[in-house]
Amino acid sequence: MLSTVAAAVTPAAAPQAVNAAASPIRDFLSRRGSGRLADASFAAIMLVCALSIFAIVLFILSILIVRSHLSLAQFGWSFFTRSAWDPVSGDFGALPFIFGTLATSFLALLMAVPLALGVAIFLTELCPQPLRAPISFLTELLAAIPSVVYGLWAVFVLIPLVRDVIGPFLVKFFGWTTLFDGTNFGVGLLTASIILAIMILPIISSLTRDIMTAVPNSQREAVLALGATRWEMIRIGVLRNSRIGIVGAIMLGLGRALGETMAVTMVIGNHPNISKSLFAPANTLASVIAGEFSEATSDIYLSALIEIGLALFLVTIVVNAIARLMVWAVTRNAPARVQ
Amino acid sequence: MDFQTRSMRLNNARRKVTNYLVSGLSILATIIVIVPLIAILFYLIYKGASSLNLAFFTHIPAPVGEEGGGMANSIVGSGIILLLASLMGVPIGIAAGVYLAEFGRGKALATAVRFTADVLNGVPSIVMGISIYSLIVIQQKHFSALAGGVALGIMMIPTITRTTEEMLATVPHAIREAALGLGVPKWRTAISVSLRTASPGIITGCMLAFARVAGETAPLLFTAFGNQFWSLKLNEPIAALPLQIYVYAISPYDEWHRLAWAGALVLIVMIMVSVTLVRIVANRGVLKGGS
């Protein structure tokens with residue numbers, strides 16, 4: 001081994017013979033590539049590429065602001081508090097879409113978070129070792145399915161299900177809450193919330209698993225040593241330590257739900273409407289852009305839609321930033337997850 | 001039995017019951033999650049497989065109401081757009097990852113870039129779509145495959161950056177130091193030693209980003225726009241598989257619904273294969289018998 005090291009280090013007569021057939025590029029790099037300039041220029045190129053990430057964020061922000069200036073100038077802040085959406089007369093107000101987004105996201109979280117926590121608890125604490133890999137693989141497969149395929153399934157399976165099975169069931173047992181008034185067409189807030197819940201579940205569950213695995217085993221053992229049952233060990237030793245991280249995971253799921261477009265557009269009914277009934281058609285910030293962008297005839301219409309896009313961008317950036325900070329704070333010194 | 005013992009026994013019984021209840025609830029939650037997933041997959045396979053035939057892969061869509069037709073132009077169009085996106089996203093993403101792992105360790109700028117990349121991953125894809133629309137489509141006054149490729153490429157960059165950085169971080173420092181000790185310049189170490197060692201992981205990271213953007217529809221709605229005919233030109237609207245599935249799914253024609261299911265099956269199979277490959281390679285690890 002020493003001889004090979006010596007051969008690599010001593011130039012001797014080797015380079016001339018070896019480089020006889022080498023390309024001019026390799027020649028240039030061998031001669032000039034060892035200096036500080038080469039290192040510095042390479043580092044500079046890498047730095048520029050890394051800064052491109054900032055450039056992307058700034059670019060999106062600036063171009064959205066520039067293209068929505070018509071609507072910003074005309075409506076100002078009242079754009080987000082008014083309920084009008086009348087392309088014919090040029091009157092625009094985004095409140096129905098804010099309501100739609102918040103309602104569907106909140107309902108989706110309500111449905112997804114308990115299930116996701118249950119799955120996470122099962123996979124980290126209760127699951128027998130051989131089953132762990134297949135089940136976790138299956139839940140991550142849920143995350144890989146594209147949104148449009150979820151939408152396709154929702155249109156042909158979920159909508160009839162809500163219309164014929166779930167809807168009447170809810171009306172029969174929960175009709176007294178007046179949340180299920182009105183005709184049930186199958187499309188509407190409820191269907192959109194269900195498909196959103198299915199879509200954000202894998203994110204929340206897999207992040208919660210990461211966070212729960214990050215809690216050191218010493219905590220679990222200490223609680224068990226004091227005579228706790230398994231659930232008490234999970235509750236006191238693991239969940240109490242990872243509260244912040246779990247809230248962060250839930251917020252990441254919220255961030256995904258806020259921006260989800262295709263599946264929601266296909267099942268929400270596309271009607272700018274604020275209503276108490278869960279069966280009513282509605283619209284979210286993302287789905288109004290997807291549905292009406294290519295039909296925006298006037299400049300003010302397009303500008304209003306781009307302003308909605310700007311609002312969506314800012315809201316999801318803020319939600320995601322806070323969520324990432326929370327998750328990072330908990331998993332900072334954690335061991336990597338073993339699949 | 002005195003009061004203390006009786007209340008202790010009751011308490012213990014309550015704790016035991018709660019324990020079993022919670023275990024049962026979490027198993028129930030897992031079943032509730034797994035069952036619809038398997039139902040969706042099986043339904044998809046059942047509906048899609050019955051309409052998959054050779055014509056699907058070789059014909060363009062037939063006129064409305066006519067039988068037959070396929071999605072050949074969408075599959076090819078998707079391939080072209082994804083190629084453009086990879087050409088743009090992979091080099092920039094890997095370069096940014098190399099900076100974060102090799103040159104920027106411990107610097108505040110690196111932490112800021114990492115954080116921004118994670119946040120950018122969560123931006124809705126429709127926002128990317130309308131930004132590229134405002135940038136490219138409005139200037140050129142027509143939809144184009146190029147705009148679609150750029151939109152998807154921008155979406156790939158943060159994902160590839162983060163996975164490249166994570167994979168490069170697993171390369172042991174001893175290897176880098178050995179190369180530097182032999183007189184290899186730092187840039188050459190980064191390329192020939194670190195990147196080469198971590199290349200399986202980096203490739204799987206690129207595949208992950210590829211699989212993610214392959215299913216994206218929203219950015220293509222207003223950039224590539226879709227096309228009913230064969231088109232390979234970069235300057236014209238081009239068909240894409242997820243886009244075509246969306247258009248067919250919301251249409252009123254049964255024939256188009258059938259094609260949508262077949263297209264969804266093809267899309268899912270492609271993505272599942274990538275995800276499974278990623279899993280297999282990731283489990284094998286970056287270094288066989290590494291330090």
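Which residues in helix 7 of chain B meet which residues in helix 8 of chain B? I looked this up in a predicted model, where local features need pLDDT of at least 70, side-chain atom pairs count only at pLDDT 80 or more, and totals for chains, interfaces and linings use all residues. Residues are numbered from 1 along each chain as its sequence is written, and chains are lettered from A in the order in which they are written.

**Helices 7 and 8, chain B.** I found B:I175, B:R176, B:A179 and B:L180 in helix 7 meeting B:K186, B:T189, B:V193, B:S194 and B:T197 in helix 8. Contact means C-beta atoms, placed from the backbone, within 7 Å. I sorted the residues of this contact into four nonpolar, three polar and two charged. The axes of helix 7 (residues 173-181) and helix 8 (residues 186-214) come within 10 Å and cross at roughly 145°. I noted the crossing of these chain B helices as right-handed.

**Helix 3, chain B.** I next took helix 3 (residues 72-103), whose 32 residues reach 45 Å from first C-alpha to last, close to the 46 Å expected at 1.5 Å a residue. Helix 3 of chain B bends by about 25° at B:S86. I counted 24 of its 32 residues as buried (20 or more other C-beta atoms within 10 Å of a residue's own).

**Chain A against chain B.** I then checked the contact of the two chains, which takes 73 residues from chain A and 72 residues from chain B. Helix 4 (residues 36-67) of chain A gives the largest share of the chain A side, 18 residues. By class, I have 51 nonpolar, 16 polar and six charged residues on that side of chain A.

Notes: Helix = DSSP H or I, 4+ residues; strand = E, 2+ residues; numbered from the N terminus. Nonpolar A, V, L, I, M, F, W, Y, C, P; charged D, E, K, R; others polar. Axes fitted to C-alpha atoms, helices over the stretch in contact; angles between N-to-C directions. Left-handed = near helix turned anticlockwise from the far one by under 90°. Expected span 1.5 Å × (residues − 1). Bend = angle between axes of the 7 residues up to and from the residue. Buried ≥ 20, exposed ≤ 12 C-beta atoms within 10 Å, placed from the backbone.
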